[in-house]
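Visitor: I would like to go through the salt bridges of a protein model. Could you take my questions one at a time?

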Amino acid sequence: YPPGSTYKMCTLIAAMEKGLVTPDEIIKDGGIYLEYKEDYFTPTCLVWSNYGYTHGDLVAWQALMVSCNYYFYYLADKMSISYTDSIAKGLGLGEATGVELYEYLGYRANPATKAKLFAGTESANWYYADGIMNSIGQSYNSFTPMQMASYTMGLANQGTRYKATFLNRVVSADYRNLLFEN
């Protein structure tokens, strides 16, 4: 599934790691991101699209709290997709979680993924719009619920991710012997 706004934490971590934004740096939500208006690409913040107003001046935690798309468009436009993708990979998105069942890996939005999904067509090309939309969890991101659980667990544990599991332990039928413990 596309992760939607839950991916914004990944974008923010990438921007902070890259030194592009600090926790108290103010970014003004303009409602419509006009950087590429000459190319007819003008993504909007949802509050602008729905209600015609902006979130105003935001620092990082406020941008996450109100889920301001504009804030994350701005950040994504300052980073390469390869850098954002490396952070997403490090957070376990599109990667195996270690769960004991067969696991579909999903995929992260990047030029290689798009080329594979649209092989042999003009749509296989990567455009800046793809990176902008990636910043809010759209574009060509597709993750399993278990990957999203692992991702949020890693965020909650300040970057430490544990192997995902459904199985804690196996005991004998009479509950007297521990056969396996994960």
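Predicted model: local features only at pLDDT ≥ 70, side-chain atom pairs only at ≥ 80, totals over all residues.

Visitor: How many salt bridges does a search of the whole structure find?

Guide: To count as a salt bridge, a side-chain nitrogen of Lys or Arg must lie within 4 Å of a carboxyl oxygen of Asp or Glu. The search covers the whole structure, and the number of salt bridges it finds is five.

Visitor: How many residues apart are Asp85 and Arg108?

Guide: Asp85 and Arg108 form a salt bridge, with their closest N and O atoms 2.6 Å apart. Asp85 belongs to helix α5, while Arg108 sits in the loop between α5 and α6. The pair therefore links distant parts of the chain, at a separation of 23 residues.

Visitor: Is Arg108 buried or exposed?

Guide: Buried means under 20% relative accessible area. Arg108 has a relative accessibility of 12%, so Arg108 counts as buried.

Visitor: Which residue is linked with Asp85 and Arg108 in a network of salt bridges?

Guide: Asp85 forms a salt bridge with Arg108. These two belong to a network of salt bridges that also holds Glu95.

Visitor: Which helix holds the salt-bridge partner of Lys114?

Guide: The side chain of Lys114 meets that of Asp130 in a salt bridge, at 2.8 Å from N to O. Lys114 is in helix α6, and Asp130, 16 residues away, is in helix α7.

Visitor: Is Arg176 buried or exposed?

Guide: Arg176 forms a salt bridge with Asp174, the closest N and O atoms being 3.8 Å apart. Exposed means over 50% relative accessible area. Arg176 has 70% relative accessibility, so Arg176 counts as exposed.

Key: Residues numbered from 1 in each chain as written. Heavy atoms only, no water. Helix = DSSP H or I, 4+ residues; strand = E, 2+ residues; numbered from the N terminus. Buried < 20%, exposed > 50% of the residue type's maximum accessible area, 1.4 Å probe, protein only.
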